[in-house]
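Here are my notes on this model. Please read them with the structure open.

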Amino acid sequence: MEAYKNQALSVEERVQDLLSRMTLKEKVAQTLSLGKLPDLFEENLMNYNDEVELQFEDDIFKHGAGAIQMAFKTDSIETRIKKLTAMQNYFLNKTRLGIPVMAQEECLHGHLAKGATCFPVPIALASTWDQELVERVFTAIGKETSARGGHEAHTPVLDLARDPRWGRTEETYGEDTYLVTRMGVAAVKGLQEHVIAAPKHFAGYAQSDGGRNFAPSNIPPRVLKDQILPPFKAVVEEAGALGMMPSHNEIDGVPCHSSKYLLTELLREEWGFEGIVVSDYSDSSRLDVLFHVVNNQKEAAIKALKAGLDMDLPSGYCYIHLIEAVTEQPELEAVLDIAVARILRLKFHLGLFERPYVDPEHAKQIINCPDHVKIAKEAADKAITLLKNEGNLLPLNTQNIQTLAVIGPNADPICTGTYSTIPNKGISILESIKQKYEGEIDIRFAQGCKITFETDISGESELDKRVHNPKLCTMAENKELIEEAVRIAKESDIAVLCVGGNTLTSREAIFIGDDRGDRTDLNLAGDQNELVRRIVETGTPIVVILTNGTPLSINYIAEHVPAILEGWYLGEETGNAIADVLFGKVNPSGKLPITFPRSVGQLPVYYSQKPTGLFKKYLFDQKDGPLFAFGTGLSYTTFQYDNLTISEKNISISSSTSVTVDVTNIGELSGDEIVQLYVSDVVSSVTRPIKELKGFKRVTLHPGETKSVSFTVEPSMLSFTNEDFETVVEPGEFKIMVGSSSVEYQSVVLQVVES
């Protein structure tokens, strides 16, 4: 028996033995991935046996393959597993060395495959501020992915969403370094109980010029080190991430996919990363065709390989040129060997050589099982954020309502956001309200208006049938719908108005033809503002429910509507979560992970800006500050903060102290409060953010109950990068703030002295 097949040997011994047996083509094949497969190929897989020869688009795959991308995502569980089993059989039995293939998947808020549980999108998960819950969500996602034969997830997104025009805002955990870090670590830990996590986009993707996908990111080196990189560092050092995906963008003229500093010096040598780096789709090729830092695809492959990129996704069109490159430059084979060894090491780690197959009957018991649906509902419940509740209009009381108008383009059908399970699944707001309350109250529905001609891109062929340039519906097309909504609102006791966005109004732009995904404004798209205005003018009390992927400038709503709930995209349990919050079965407890601007002209408006960023105001601005601040979120009860104390007011630069505050529920309902800790360095040698989140805790309080909430303030919370580019804690005064949001808090002063 060959040594690499001997389970008694160490992984490293097996890797080196296998590597020593490989030809150049077999090595290069491991750095390549199978992308979209021809129909005939899939037909052959369904009928695969020892007599059937699989026909690849390129003969290189007769020598093996590193991975396959999002394999057979629209197939049933049984069909997908049958095809994957046939493919593994081919690589194990028909290639010379029998190296299994990895199945790489998208798992943004659920495994992107038919029938999988669809959880809230990341921006909604971040609104829960619940690390334990997020870890459970991604444990479930990892379990479903593994059960269906997946091995690696291109997840989570660790970009800081500080320009909400950027179409991928919904994929992030918000604008703050600490919050994104804690959510990211929880996601990676959960996934890696079952599959490999490959966080993305490393690094600075969301800091692009103009909030445009693929645009350059001009990031000062201290901001990069102190704010952009910490989430990636933490998922490597704390959570042990074994995958990493570089970013589409460039930083200071260097594309991330060719940055030796990012992919080798920082990631591997400084942070100790031991996994594989996989390209974002086609970005190794783009070193040539988009960035123009090389002359051709062969040079692109060499540059990326030397930088530390191990695998070329989705179809290996760039790294296929490594065969010619190594033939011409034999010294490159040593670099190639390093990448191939990393890939093989991961396959041994996953146990693919011993356990390459999965059981469809077991998978059917796991995927979208009741336990996972229950977690999806809990996550949706905790994500919903109450932004306004004038006159305590919410929760609604069925005893006081005879007729309820459910109005708006987002009332029905459900929209679960991009990268959703295919086909889009779950219960809409209208459906759930009807199921729970029809018969008890008279429920009337009006669409009100359409937003876009195509309402969603999450159909059976989401990734194949993108709508490149979505069109907004016109007033001529919406006029009758608006009039119908006005009539129904006038006849009702309460109007529940469901507006926001859909997956065509803010989304990933995939850089094909005229594909568009980013925004030039943040107003309600289409005729939704006119719909809101007309419903407000009826005089019927209104609750606005927002389902959307990015913060919206809802100035008119904020001024004229008494109750506002932000839901983001809540996954398959959208309707049930919204209905339960509306009628008080669930007390909303979400907090905003991102700031809501009054207008695009205010941007940037994230809370942790430098002092001069907030010093001057715009001409003719009627109001200062954001529409809704970071960390904001109301409850159906009231929480009171008292007795903020600090255990040691004077500490050395290497010491810690603790702060404690009493939080009391002075209302009449039980509820959850998210207590937040912020730090401000009063005087520092380089300019610092006015405040930074450094801790948070979710606590449940019954009416009249008080809990003491404590945080440890340690040196890492006070450190930053100084003029000499060293990480330091400087002596001086620090303001420690504890409260319910970034703008509502109590504070104490901490004095830090030299050791």
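1. Leaving aside neighbours within four places in sequence, which residues is Met87 in contact with? They are Leu34, Leu37, Phe41, Leu45, Ile68, Phe72 and Val101. Keep in mind that this is a predicted model.

2. Met87 belongs to the largest nonpolar core, which has 113 residues. Together with Phe202, Met87 touches the most other members. Helix α7 (residues 177-191) gives the largest share of this core, eight residues. Domain 1 (371-595) and domain 2 (639-753) both contribute residues, so the core lies between them. Another core, of 72 residues, lies apart from it; Ala124, Leu394, Ile535 and Phe583 are among its members.

3. Phe202 also takes part in ring pairing. With Phe232 it forms a tilted aromatic pair, 5.1 Å centre to centre and 50 degrees between the planes. Phe202 sits in the loop between β5 (196-197) and α8 (221-228), and Phe232 in helix α9 (residues 230-237), so the pair ties together parts 30 residues apart in sequence. Both Phe202 and Phe232 are buried.

4. How are the rings of Phe596 and Phe628 arranged? Their planes are at 80 degrees, with centres 6.0 Å apart; over 60 degrees counts as edge-to-face, so this pair is edge-to-face. Phe596 and Phe628 are both in the loop between α21 (574-582) and β16 (639-646), 32 residues apart. Phe596 and Phe628 are buried.

5. The structure has 18 aromatic pairs. Ring pairs also join Trp129, Tyr178, Tyr607, Phe630, Tyr678 and Phe696 into a cluster.

6. An unreviewed UniProt entry lists residues 673-742 as "domain: Fibronectin type III-like". That span is 56% strand and 6% helix. Its end C-alpha atoms lie 14 Å apart.

Technical notes: Residues are numbered from 1 along each chain as its sequence is written. This is a predicted model: local features need pLDDT of at least 70, side-chain atom pairs count only at pLDDT 80 or more; totals for chains, interfaces and linings use all residues. Side-chain values use heavy atoms; hydrogens and water are left out. A nonpolar core is a set of buried Ala, Val, Leu, Ile, Met, Phe, Trp, Tyr and Cys residues joined through side-chain atoms within 4.5 Å. Buried means under 20% relative accessible area, exposed over 50%, partly exposed in between (1.4 Å probe, protein chains only). Helices (H or I, at least four residues) and strands (E, at least two) are DSSP runs, numbered from the N terminus. Domain bounds come from an automatic or database domain assignment. Contact means heavy atoms within 4.5 Å. UniProt positions are given in the numbering used here, feature names are shortened, and annotations may be inferred rather than shown by experiment. Rings of Phe, Tyr and Trp (its six-membered ring) pair if their centres lie within 6.5 Å; planes under 30 degrees apart count as stacked, over 60 as edge-to-face and the rest as tilted.
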